[in-house]
Amino acid sequence: MKLPIFVIPLVAVSCLLAVLGPQFSSDWTSFFDKHASAWSSVSSPTETEDFRSNTTAAVNDSVSNHSVSSPFSSSPPPLPPSSLSSSSSSPPPPIDEKQSLPQLPNMTTVNEVLEETAINEGRNVSSEGNYEPAVVKARKQREFTKLEKIEAGLRRARAAIKEAKFLNQTHDPDLVPSGPMYWNAKAFHRSYLEMEKELKIFVYEEGEPPLFHNGPCKSIYSTEGNFIHAIEMDTKFRTKDPDKAHVFFLPLSVAMLVQFVYVRDSHDFTPIRRTVVDYVNVIRTKYPFWNRTLGADHFMLSCHDWGPEASRSVPHLYKNSIRVLCNANTSEGFNPSKDVSFPEINLQTGFLTGIIGGPSPSRRPILAFFAGGLHGPIRPILIQQWENQDSDVQVHKYLPKDVSYIDMMRKSKFCLCPSGYEVASPRIVEAIYTGCVPVLISDHYVPPFSDVINWKSFSVSVSIKDIPNLKTILSGISPRQYLRMYRRVLKVRRHFEAHSPPKRFDVYHMILHSVWLRRLNLRVRDR
């Protein structure tokens with residue numbers, strides 16, 4: 001059979017296009033690698049290597065930790081002294097100016113982000129600008145996993161936070177953060193709004209009260225119980241579908257473990273350690289999520305002094321997971337790049353009634369005040385140096401029965417907050433509640449929410465060796481600077497208030513935001 005001569009060139013061109021034509025790739029790992037967003041971590045390169053050396057090769061392929069600079073602080077604060085060379089108390093800032101984030105168009109859904117990328121990577125444009133129909137077909141055939149959609153949403157959030165520094169702030173009926181109390185008010189506000197849109201938390205339902213799903217709400221450990229109760233009741237951030245979760249919460253209470261499992265005065269931590277190990281074994285056997293990241297997207301919360309020790313029961317819980325701790329001591333392994341410091345609040349009645357507010361600076365005649373027992377190594381030095389020594393610096397081991405502790409704080413310009421046996425102290429929040437400028441006297445302590453809040457703008461930090469110079473240091477602060485610090489204390493107070501039900505920007509939501517920032521620090525992929 002003879003073919004017409006004009007058909008031969010057409011056959012040749014068709015063969016050439018078949019050989020040289022573009023191939024649509026369905027390997028989305030390359031897409032994630034190409035557009036891997038960088039997020040903040042204050043860990044040094046050594047820390048990052050140490051973290052990754054403790055994970056298996058499979059998890060290294062599925063979890064990445066990015067170390068970059070922050071939009072929250074253009075000039076991070078100096079690190080406090082610490083016995084850990086890899087520890088840091090500077091704010092764990094979220095975004096790298098030097099690494100480019102994907103400049104995503106204004107899209108409303110994660111699916112649009114993924115599908116638009118599919119078009120960009122798979123399109124074949126002719127000289128006339130027409131797209132090959134095969135691209136549309138390939139896009140329809142591609143099914144994105146739930147994890148890919150979650151990660152796409154996080155990429156969009158990172159890009160929005162990075163852009164926020166150059167845009168006007170969004171109107172907010174509750175709070176538009178501003179002022180030197182924040183490392184970067186615009187970035188914080190955008191990050192908070194992105195958290196409200198995106199963050200989903202899965203709370204494991206395994207375990208029975210009182211050890212799990214329970215905690216003290218009327219004691220020095222009240223933030224532990226209040227958070228557990230609030231997250232259990234939360235309908236906005238909590239999800240019952242673990243495949244939709246960004247992070248996973250272990251609802252154990254260390255305070256309750258100490259009360260019901262630990263044998264008093266036995267000095268035997270084994271029962272608590274065994275309980276924690278058994279619980280992690282249950283959830284990692286029943287669900288795939290712990291094994292997927294070796295706990296890196298899981299978090300625990302504890303305000304008890306033994307919280308850090310309880311986390312050591314499971315090496316991956318200690319090394320990989322987000323530990324939300326009151327006892328944020330860098331000399332005992334607290335890592336600000338992945339762990340969260342949150343405040344110790346002594347709610348004796350469970351409510352804030354009667355403990356919020358105080359007089360103006362002109363009605364505060366006392367320069368500095370402290371009252372407390374000989375608890376830990378710092379307070380004996382303070383009491384020995386200043387007790388009954390100076391009417392301006394009133395330091396007491398015990399107050400007379402007719403003298404109110406809260407009233408003394410309200411009469412004072414500065415409230416001394418020395419560490420006890422552990423670094424955290426409820427006096428810090430009590431000072432903020434009463435409008436008294438807190439004076440932090442501790443070593444190796446990372447103050448709460450310091451990834452967002454600039455503590456230097458409204459508090460004073462005094463080293464232990466400078467305790468004899470307290471009056472000189474505080475008297476050296478000019479009246480004008482003191483008034484600035486006083487006003488800033490009043491402005492940041494809302495971030496430390498505990499409400500039931502929780503209110504936007506309060507301590508509950510600030511804890512969630514700190515966890516949200518650490519999740520943005522991770523990139524998780526299907527194995």
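How do the residues of the lining of the second largest cavity divide into nonpolar, polar and charged? They divide into seven nonpolar, three polar and three charged. The classes work like this: Ala, Val, Leu, Ile, Met, Phe, Trp, Tyr, Cys and Pro count as nonpolar, Asp, Glu, Lys and Arg as charged, and the others, Gly among them, as polar.

Before going on, some ground rules. This is a predicted model, in which local features need pLDDT of at least 70 and side-chain atom pairs count only at pLDDT 80 or more, while totals for chains, interfaces and linings use all residues. Residues are numbered from 1 along each chain as its sequence is written, and side-chain values use heavy atoms, with hydrogens and water left out.

On a 1 Å grid over the protein atoms alone, a cavity is a set of points where a 1.4 Å probe fits but cannot get out. A pocket is an open set with protein on both sides within 12 Å along at least five of seven lines, and lining residues have an atom within 4 Å of a point. Grid points are joined across faces, edges and corners, and a volume is the space filled by probe spheres set on the points. When I name a helix or strand, I mean a DSSP run, numbered from the N terminus: helices are H or I with at least four residues, strands are E with at least two.

By this rule there are four cavities of 30 Å³ or more. The second largest cavity has a volume of about 60 Å³. Strand E6 (340-341) and H20 each give two or more residues to its lining. Of the 13 residues that line the second largest cavity, Ser341, Val446, Ser450, Asp451 and Arg518 lie nearest its centre.

Next, the largest pocket, with about 590 Å³ of space. Its lining has 27 residues, and those nearest the centre are Ala230, His499, Ser500, Pro501 and Pro502. Which element gives the most to this lining? That is H9, with six residues. H20 also supplies at least two. By class, the lining of the largest pocket has 14 nonpolar, nine polar and four charged residues.

H20 has come up for both spaces, so to speak, and here is the helix itself. Buried means under 20% relative accessible area, exposed means over 50%, and partly exposed is in between, with a 1.4 Å probe and protein chains only. The 14 residues of H20 should span 20 Å at 1.5 Å a residue, and its end C-alpha atoms are 20 Å apart, which agrees. The expected span is 1.5 Å times one less than the number of residues.

On to the backbone. Ser500 and Pro501 are joined by a cis peptide bond, with omega about 0°. Pro501 sits in the loop between helix H19 (479-492) and helix H20 (507-520). Another cis bond runs from Pro209 to Pro210, with omega near 10°, and Pro210 lies in the loop between strand E2 (201-203) and helix H9 (222-233).

Asp265 is not a glycine, yet has a positive phi of about 65°. It lies in the loop between helix H10 (254-260) and helix H11 (270-286), and at 61% relative accessibility it counts as exposed. His267, also not a glycine, has a positive phi of about 60°. His267 is in the loop between H10 and H11, and is exposed at 73%.

Last, the cysteines. How many disulfides does the structure hold? Two, where a disulfide is a pair of cysteine sulfur atoms within 2.5 Å. Cys303 and Cys326 form one, with sulfur atoms 2.0 Å apart. The torsion about their S-S bond is about -90°, so that disulfide is left-handed. Cys303 and Cys326 are both buried.

The other joins Cys415 to Cys436, at 2.2 Å from S to S. Its torsion is about 110°, so it is right-handed. Cys415 lies in strand E9 (residues 412-418) and Cys436 in the loop between helix H17 (427-434) and strand E10 (437-441), so the pair ties together parts 21 residues apart in sequence.
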